[in-house]
Every structure is written in structure tokens, then in C-alpha cells.
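Have the model open as you go.

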Amino acid sequence: MQKMKTTTAQFTYPWQLCKTVHLVRHGQAMHNVEGDINREALLSPHLFDAQLSPLGLHQVGKLRNDVHASGLLKRIELVVTSPLCRTMQTAFGVFGSTESNEDAGVNHPQIMAVELCRDRMGVRPCDMRRRVSECQALFPSIDFSMMDGEDDSLWNPHVRESEEEMAARMVLFIKWLWTRPEQEIVIVSHGIILQQILNVLENDCHPTARTALCKRFDNCELRSVVIVDKSLKVADSQLCSPRNAAKETVLREEVSV
């Protein structure tokens with residue numbers, strides 16, 4: 001887990017308008033292993049929903065230890081994951097509850113599978129009802145309420161999703177994120193999706209942080225940002241009551257939207 005270097009804060013915002021978002025790429029999966037040998041393997045329907053490799057499982061275990069040791073787990077209120085096996089394995093492996101003694105008395109956050117942060121769309125893999133049923137059997141503690149429906153409407157059986165379409169989907173995802181009441185959230189997804197999220201946000205990112213912020217994600221890398229909803233006018237809201245003044249401002253250190 002890498003702590004991002006930040007510059008001196010230049011702005012302050014009411015804390016109610018901010019969210020801390022931790023972006024996590026899944027651990028190494030079998031399609032990554034095959035893709036290192038032959039890039040065409042990344043498009044194979046047999047590897048579309050690849051599981052984690054032995055190295056990926058080790059990466060997940062290491063990140064779990066780092067998250068527990070740093071105290072980050074105590075602050076996380078929600079984990080949002082792509083509904084593919086490799087991301088759900090990572091989300092549960094790092095942030096989920098196990099039967100081990102180390103989890104005794106630990107409050108683990110809710111884990112929710114969300115379709116909007118799924119990998120780049122391409123060939124339709126299966127019908128939605130069967131997929132949700134299979135995922136619920138594998139990951140009974142993950143919330144699949146955002147996955148209702150029989151039709152996988154985000155998939156086009158003939159056309160691979162373009163960069164522009166992915167960016168538009170991430171705009172919708174970020175808008176959905178702002179509807180959530182939680183203020184510290186983890187997003188476990190795919191490298192290309194996490195980069196698209198940061199690309200959407202980078203227009204309001206400090207230039208000195210942009211290069212480090214938007215670089216390619218390593219497997220199981222955790223990268224944290226603070227985002228700000230500036231669509232609300234603080235002066236017109238009830239956010240600045242004197243009794244809340246002590247906790248209203250936060251430093252803008254990385255990114256805002």
C-alpha cells in the first residue's frame with residue numbers, strides 16, 4: 001500500500017462536501033498471466049471472468065495485512081466492487097470478514113457489487129440472472145442489490161466499448177457515488193476503469209499531482225484521493241452552523257470534482 005505524496009493544501013472545503021476514495025486494482029488474475037504470454041488471451045471468453053492467480057492471492061493477503069496494520073479498515077464505511085470474480089475475490093480478501101482470530105471484534109464494512117464499475121464492456125458473457133446467482137453462491141456476504149434484473153443491458157454482443165463510452169460510464173458512476181451517504185469509500189475495480197475514473201477527475205486536479213495520480217495501476221495497488229462536490233453552494237446550505245465549525249473544513253490535498 002503506497003502513501004501518495006501531496007503538496008501543501010491550497011484550499012479548504014466543508015467536510016460534508018468531501019469523500020475520501022481509495023482506489024484498488026484487483027490482484028493478479030489468470031488472464032494477466034496468460035496475457036503476458038499472448039496479448040490476444042485477454043480477449044478470450046474463457047478468461048473473461050478469470051480468478052486470481054496464486055501470486056494474486058498472495059498480493060491480496062499482503063494488502064489485507066497493510067490495511068489492518070495501518071488502521072485504514074476502521075475508517076472504511078463502504079467497499080464498492082466490480083461484479084467480476086477477480087475483483088470480488090480482492091474486495092473480500094482485503095476488506096471482508098473471515099473466521100480467523102484476527103477478525104475478532106473488527107467491524108468490517110459492507111461490500112457492494114456495482115455494475116457501473118465493471119471492466120471494459122465487450123462480448124456478452126452470460127445472462128444476468130444466472131451470473132448473480134453464481135456470484136451470490138461464491139460470495140454470500142457481498143451485497144448484490146445493485147445487480148437486479150435478468151438482462152445485462154450494459155453489454156453489446158457485437159461492439160467493444162470505446163474510450164469515450166467508458167468515460168461516460170465513469171461519469172455516471174461518480175454521480176452515483178455522490179448519492180451514497182458514506183464519506184470514506186473503497187472502489188475495487190480494473191486498471192483501465194480506475195484510470196478512467198481518475199481521468200474524469202483530473203480536470204480539477206493540481207498539476208503537480210496529476211502525473212503520479214493518473215499513472216497505470218499495479219495489481220493490488222491502493223491509491224487514495226479526496227474528491228469534493230462543488231455543485232453545492234456552501235453559503236446557501238446549512239453546513240456552516242457554528243456548532244459544526246470545528247470539523248467543517250478539510251484540506252484539499254489531491255483531487256476534487
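**Cavity, rings and a loop residue**

Val-21, Leu-23, Ile-174, Leu-177, Ile-187, Ile-197, Leu-201, Val-225 and Ile-227 line the largest cavity. Keep in mind that this is a predicted model, where local features need pLDDT of at least 70, side-chain atom pairs count only at pLDDT 80 or more, and totals for chains, interfaces and linings use all residues. Numbering runs from 1 along each chain as its sequence is written, and side-chain values use heavy atoms, with hydrogens and water left out.

**The cavity**
- The largest cavity holds about 40 Å³ of space.
- At least two lining residues come from each of strand S2 (18-25), H6, helix H7 (191-201) and S6.

**Rings**
- There's one aromatic pair in the structure (ring centres within 6.5 Å, using the six-membered ring of Trp).
- Phe-173 and Trp-176 make up that pair, stacked (planes under 30 degrees apart) at 5.9 Å centre to centre with 20° between the planes.
- Both sit in helix H6 (residues 163-179), three residues apart, or about one turn of the helix.

**Loop residue**
- Cys-220 isn't a glycine, yet has a positive phi of about 65°.
- You'll find Cys-220 in the loop between helix H8 (207-213) and strand S6 (222-228).
- Cys-220 counts as buried because its relative accessibility is 8%.

Technical notes:
Phe/Tyr/Trp six-rings, centres within 6.5 Å; stacked < 30°, edge-to-face > 60°. Helix = DSSP H or I, 4+ residues; strand = E, 2+ residues; numbered from the N terminus. Buried < 20%, exposed > 50% of the residue type's maximum accessible area, 1.4 Å probe, protein only. 1 Å grid on protein atoms, 1.4 Å probe; cavity = no way out; pocket = protein on both sides within 12 Å on 5 of 7 lines; lining within 4 Å. Points joined across faces, edges and corners; volume = space filled by probe spheres on them.
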